[in-house]
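Hi there,

Here is the structure I promised to hand over. Please open it next to this email, and then read on for what was found.

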Amino acid sequence: MKDVVLLSGNEAIARGAFEADVRVAAGYPGTPSTEILENIVQYSSIYAEWAPNEKVAFEVALGAAYGGARALAAMKHVGVNVASDPLLTASYTGVNAGFVLVSADDPGMHSSQNEQDNRHYARFAKIPMFEPSDSQEAKDFTVRAFEVSEEYDTPVLLRTTTRVNHGKSVVRLSKPKVNTRGRFERNFCKYVMVPAHGIKRHAVVEERLIRLRDLSNSIDLNFIEWGDSSIGIITSGVSYQYVKEVLPEASVLKLGMTYPLPDKLIRNFAGKVKTLYVVEELDPFLEDQIRALGISVIGKDRFPRIGELNPTLVAMGLGVEIPKQEAETVPVPPRPPTLCAGCPHRGFFYVLRKLGAIVTGDIGCYTLSVLPPLETMDTCVCMGASIGNALGIKRAMPQDDSRPVVAVIGDSTFVHAGIPGLIDAIYNGTAITVCILDNHTTAMTGGQNHPASGKTLRGEDAPRLDLVALVRAVGVEDVYIVDPYDLASLEAALRDAIQAGKPSVVITNRPCLLIDRKIKRKAVAVNLEACTGCGLCFKLGCPAIESIRADGNRRKAKINADLCSGCEVCIQICRSAAIQCEKE
C-alpha cells in the first residue's frame with residue numbers, strides 16, 4: 001500500500017483505528033457515519049459488527065475496553081442519544097484500554113431528522129473531545145484519542161461532521177502500532193456503579209477534568225498560526241478550512257481538542273489580537289465558553305447557527321469580499337424524493353391510505369410516503385417512536401373517534417428500537433396495528449445487514465432473527481404475513497388486523513430491489529387504446545409511470561421500461577386493464 005493516499009474522513013478514521021491497534025469496533029448504520037464500520041471490517045485484526053442499535057454498539061465496545069482491548073463505537077449524531085445512557089456512566093467507570101466514541105454530526109440535515117450539535121455531549125459527560133478538520137486529522141486524531149483515553153482512563157468523543165466524513169483529502173499513512181493488550185481485572189469500586197461507588201467516581205471525573213484542561217492548554221492539536229494581529233479567529237473542525245480559504249493572512253487559533261477548552265491558550269491569543277472572532281458551525285459551543293471566560297468575541301451575531309457554513313458565509317461574517325467561486329449552474333427540472341420504482345412499500349401505502357387510518361411513521365425510506373401522491377404518514381419522530389406514538393394517540397382518542405391507529409416501522413428499525421413499544425402494546429392491551437415493512441435490509445442507509453437480514457457486517461451467514469416468532473413470543477396473537485405486491489391480500493390482512501380489537505401485527509415480506517437487483521422482472525406496458533386516462537395509476541407515485549399526451553391531447557400513462565421493475569402493482573389498480581405484462 002502507498003504511504004500517501006486519498007481517503008474520505010470515514011476511511012481515515014477506519015485506518016486510524018487500524019493504526020491504533022483497535023481490536024473491537026461496533027456501530028449502527030446512519031449517514032454520515034456508515035462507512036466507518038464498512039471500512040474497518042476490511043482490517044482482519046479488528047472484530048467489527050453491526051449492533052441492533054447504538055446503545056448496544058456502545059456497550060459492546062465499552063465491554064471490550066473493560067476487557068483490555070482498544071475499542072471504537074461509531075454512530076451518527078442522533079444515535080448518541082440512544083447511547084447516552086451508558087455514555088454518561090462510562091465517564092465514571094473509565095475504560096481500562098482505550099475507548100473512542102465517534103459521533104458523526106449532520107449540519108444541514110442532509111439525511112437526519114434534526115440538526116443537534118453533539119459537542120454538548122462531551123461537556124455533558126465530562127469527557128475529552130477531538131474535532132478533526134480533514135482526513136489526515138481524522139486518522140491522526142483517532143490514534144491520539146486512544147492514547148489520551150488510556151492515559152486519562154476516560155472515553156474520548158471524536159466528533160466529525162458530514163463534510164469531514166465524506167470529503168476526501170490526502171492522508172499520510174503510518175505503520176500500525178502494536179499495543180500491549182490488557183485483560184479484565186475485577187474492580188468493584190470502578191466498574192460497579194452502585195450509588196456508594198458512583199459518588200466516589202464522580203470525584204474522580206471532576207479531578208480528571210482539571211487535568212484534561214491542562215492537557216488542552218498544552219496539546220499540539222491546539223495551536224496558533226500567527227498572521228495579521230488586527231484579526232484573530234478561533235475555530236475548529238471543517239470551519240478551519242473555510243477560515244483559511246477566506247482570510248489566510250489572519251491570526252488563527254486552531255482547536256483540535258475542543259473540550260475542555262484551553263482557557264490559558266485562548267486568553268493568550270485573545271490578548272494579542274485586536275478583533276476576535278469565533279467561527280463554528282451550529283451552536284455557539286466555543287463562543288459561549290469563551291464569553292464565560294470574560295473575553296469579548298464576535299460570533300453567532302455574524303455567522304448562522306442553522307445549517308452548514310461555507311466560504312461564502314464565512315466571508316460575509318468576516319466582512320470580506322471574495323471573488324465569486326461558484327460555477328455557473330444550469331436550471332434543472334425539480335425532482336422530488338420518492339420511493340424507488342418497484343419499491344415493495346409503495347403498494348402497502350397505497351392500500352393503507354384507503355383505510356383512513358391515523359398512521360404513525362418511523363425512520364426509514366418509507367418516510368417518503370408522507371409526500372404526494374401517497375401522503376400516508378402523520379408522525380415521524382425518531383427510531384422506534386412510531387409504536388409509542390401510536391399507543392399514545394390511541395389512548396388519547398375520544399370514544400367517538402373510530403379511526404384505526406397504525407404504526408409503520410421497517411425491519412431494521414423494529415429490531416433497533418421497536419420491540420419495547422410492541423411489548424407495551426401487549427402488556428397494556430392497547431388495540432393498535434403495527435406494520436413491520438420487512439425488506440431484509442437497512443435500506444435507508446444503503447443496505448446494511450442487521451440481525452433480521454441473516455448476514456453479518458462481513459456478509460457472512462448468520463442466524464436470521466425470526467420476526468414472526470418474535471412478535472408471537474411477546475404475546476401478539478393476530479399476526480399477518482403478506483406479500484406487499486399482492487394488493488388484494490394486503491388489503492384483506494390490513495382490514496382484518498385493524499378490526500381485531502387488540503394489538504395486531506402485519507408483516508410485509510419483500511426484499512429491497514436495490515439490494516438484490518437480480519430479482520428484477522420484465523417491465524410492464526400501457527395499451528394506449530385501452531387507457532381511459534383516469535389517472536389512477538399516477539396516484540401510486542411510481543417514477544416509472546410517466547405522463548404523455550395522446551388522443552387529442554388527453555393525458556395518459558406510459559411505462560418507462562428502463563425504470564420499471566415489473567412489480568405489477570400498477571396492473572392491479574388499473575380499472576381498464578390497460579396496463580399489461582409485455583409479451584415475450
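Where does L282 lie? L282 is in the loop between β13 (275–279) and α12 (285–292); helices here are DSSP runs (H or I, at least four residues), strands are DSSP runs too (E, at least two), and both are numbered from the N terminus.

Before going further, a word on the source. This is a predicted model, in which local features need pLDDT of at least 70 and side-chain atom pairs count only at pLDDT 80 or more, while totals for chains, interfaces and linings use all residues. Residues are numbered from 1 along each chain as its sequence is written, and side-chain values use heavy atoms, with hydrogens and water left out.

**Backbone details**

L282 has a positive phi of about 65° although it is not a glycine. L282 is also buried, with a relative accessible area of 2% (buried means under 20% relative accessible area, exposed over 50%, partly exposed in between, with a 1.4 Å probe and protein chains only). M109 is not a glycine either, yet has a positive phi of about 50°. You will find M109 in the loop between β5 (99–105) and α5 (119–125), where M109 is partly exposed at a relative accessible area of 36%.

There are cis peptide bonds to look at as well. One joins T31 and P32, with omega about 10°, and P32 sits in the loop between β2 (24–27) and α2 (34–40). Another joins Y259 and P260, with omega about -10°; P260 belongs to the loop between β12 (257–259) and α11 (263–270).

Helix α4 (residues 77–93) packs with helix α9 (residues 195–218) at an angle of about 80°, and their axes are 8 Å apart (axes are lines fitted to C-alpha atoms, for helices over the stretch in contact, and angles run from 0 to 180 degrees between N-to-C directions). The two helices are therefore roughly perpendicular to each other (65 to 115 degrees; under 35 is roughly parallel, over 145 roughly antiparallel and the rest oblique). In this contact (heavy atoms within 4.5 Å), S91, Y92 and T93 of α4 meet G198, R201, H202, V205 and R208 of α9.

**Pockets and cavities**

Rolling a probe the size of a water molecule over the atoms shows where empty space is left. On a 1 Å grid over the protein atoms alone, a cavity is a set of points where a 1.4 Å probe fits but cannot get out, and a pocket is an open set with protein on both sides within 12 Å along at least five of seven lines; lining residues have an atom within 4 Å of a point.

The largest pocket holds about 970 Å³ of space (points are joined across faces, edges and corners, and a volume is the space filled by probe spheres set on them). Its lining has 47 residues, with S111, I363, G364, C365 and M444 the closest to its centre. α4 turns up again here, giving the most to the lining of the largest pocket with four residues.

The second largest pocket has about 420 Å³ of space. Among its 21 lining residues, P336, T338, G541, C542 and P543 lie nearest its centre.

Five cavities of 30 Å³ or more are found in the structure, and the largest cavity has about 130 Å³ of space. Of the 18 residues lining the largest cavity, G342, C542, C567, V569 and C570 lie nearest its centre.

Happy exploring!
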